[in-house]
Amino acid sequence: MKRALFFLLPLALCLAGCLKDDLNPAALTSNPLDPDYDGTALIELVSDTTRIVYAGGMPTDTVVEQTVHVRTDLLAPGTDWKLYATLENTGEIFDYSSEIPVPQERLYHHVVMGTSYCFHYQLKVEFSLTKAYRYCTVATP
Amino acid sequence: MALALIASSGALMAQSAGTLYLKIDPANFMYRLDHQFTLQKGEVELLEGLHNFSFWAPQRKVVDTTLNVPSGTSTFTLRLPFSTEYLVYQRDLDKYRNEMRVKRLVPAVITGGALLYTAFKFAGMKKAHDQLNDDRTAYDAAPSPHAITVLKTETMPAHKDEFDKARTNFAVAAGITALFAGTTAYLYLRSAKQPKPVFHDAEKLRFDGLSWVPGPEGGTWQGGLTWNMAR
């Protein structure tokens, strides 16, 4: 009986110790669709520039152009997504989710030279948004 | 034996012999004939007339009686009553067994039940833990930001609470089981020191007395001494 007791107690302690609650929701940040995702950037800025738009050989407008790349290789195969961008400060939304086909991830905006224009890029998946990636471009002549 | 009895009773040769069949309960009885001979046979041939019999069997009282053996065959039936010592022994033994049952079996059964309950609670804790693992897997496979948000802010905290409760229940059950097991061990060890009643067949000593027990090589004298310590 004593032997059984000596065996029983460590067994119970071991069983209780083996099953620990090691799940911390705040520490889960590995899913690219998670708003708290902290891995490799899902949306990368490929290039940015300030471009003068001509009409009839005459300059008519100046725009900031940003080219971004969506890392679809980080998403599960078959994930359906749309690009969603917001202009910082103004809150102006460039939602391409309703445009078919999706434009080539380009944003155009009338700009004032010397001003910085920051855009927040997100993916819209099943009507909800991923983490925002912020990229800024200063309009230069 | 019958021949020996008849031969030793030369003066009574004119009497005829009778066969007496003894049907005594229990079957392992012994008897002393005429205060001299100790026998176990169920059939004895004697000269007709009065003969003294002292019947005895293990755990039974000695019954002294005088039987009139007629010529021809006759049967004597008797059920030997249990001896007082044996009845007291039985009572003490029952009491001992009941105490052992209370001190050993009951705590052991309760401990077993507690162990079963603990196992049940452990299964609940394991299930809750598995649910957390499933949640982690669900996070990796979540198909949308909204699903992840719901998982992290609602589902996982709820499952964590369930796991905490299950673990607390298990800890309480394990503690109670350990307590019962300790109590059982203590009672078991304590009860081991309690002596088990032993039966001393005082009637046997009384029956044995000093008598001649015939055997294949002439037999032996057998003696016994009875002393009632209670007096």
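How many residue pairs are in polar contact between chain B and chain A? The count is 12 residue pairs, both partners at pLDDT 80 or more. A polar contact here is a pair of N or O atoms within 3.5 Å; within protein, one must be able to donate a hydrogen and the other to accept it, and residues adjacent in sequence count only if both atoms are side-chain atoms.

This is a predicted model, in which local features need pLDDT of at least 70, side-chain atom pairs count only at pLDDT 80 or more, and totals for chains, interfaces and linings use all residues. Residues are numbered from 1 along each chain as its sequence is written, chains are lettered from A and ligands numbered from 1 in the order in which they are written, and side-chain values use heavy atoms, with hydrogens and water left out.

## Where the chains meet

Let's start with the interface. Chain B brings 32 residues to the contact and chain A brings 26 residues, where contact means heavy atoms within 4.5 Å. Together the two chains bury about 2,600 Å², with 70% of it on carbon and sulfur atoms. Buried area is the accessible area (1.4 Å probe) that two parts lose on being put together, summed over both. Within chain B, Tyr139(B), Pro145(B) and Lys152(B) lose the most area to chain A, together 23% of what that side buries.

The rule also finds 2 salt bridges across this interface. A salt bridge is a side-chain nitrogen of Lys or Arg within 4 Å of a carboxyl oxygen of Asp or Glu. In one salt bridge, Lys152(B) meets Asp34(A) at 2.8 Å, N to O. On the side of chain B that touches chain A, the elements giving two or more residues are helix H2 (84-140) and helix H3 (145-192) of chain B. Helices (H or I, at least four residues) and strands (E, at least two) are DSSP runs, numbered from the N terminus. H3(B) gives the largest share of that side, 19 residues.

## Salt bridges within the chains

Side chains of opposite charge can pair when their charged atoms come close. Over all chains, the rule counts 12 salt bridges. Here are three of them:

| Salt bridge | N to O distance |
|---|---|
| Glu44(A) and Arg71(A) | 3.2 Å |
| Arg51(A) and Glu65(A) | 2.9 Å |
| Asp92(B) and Arg91(B) | 3.4 Å |

Arg51(A) lies in strand S1 of chain A and Glu65(A) in strand S2 of chain A, so this pair ties together parts 14 residues apart in sequence. Is Glu65(A) buried or exposed? Glu65(A) counts as buried at 10% relative accessibility, while Arg51(A) is partly exposed at 36%. Buried means under 20% relative accessible area, exposed over 50%, and partly exposed in between (1.4 Å probe, protein chains only).

## Cores and backbone details

The largest nonpolar core has 38 residues, and those touching the most other members are Ile43(A), Leu83(A), Tyr117(A), Tyr121(A), Leu123(A) and Met125(B). Such a core is a set of buried Ala, Val, Leu, Ile, Met, Phe, Trp, Tyr and Cys residues joined through side-chain atoms within 4.5 Å. H3(B) gives the largest share of this core, 7 residues.

Finally, a look at the backbone. The peptide bond from Asp25(B) to Pro26(B) is cis, with omega near 10 degrees. Pro26(B) sits in the loop between strand S1 (17-25) and strand S2 (30-33) of chain B.
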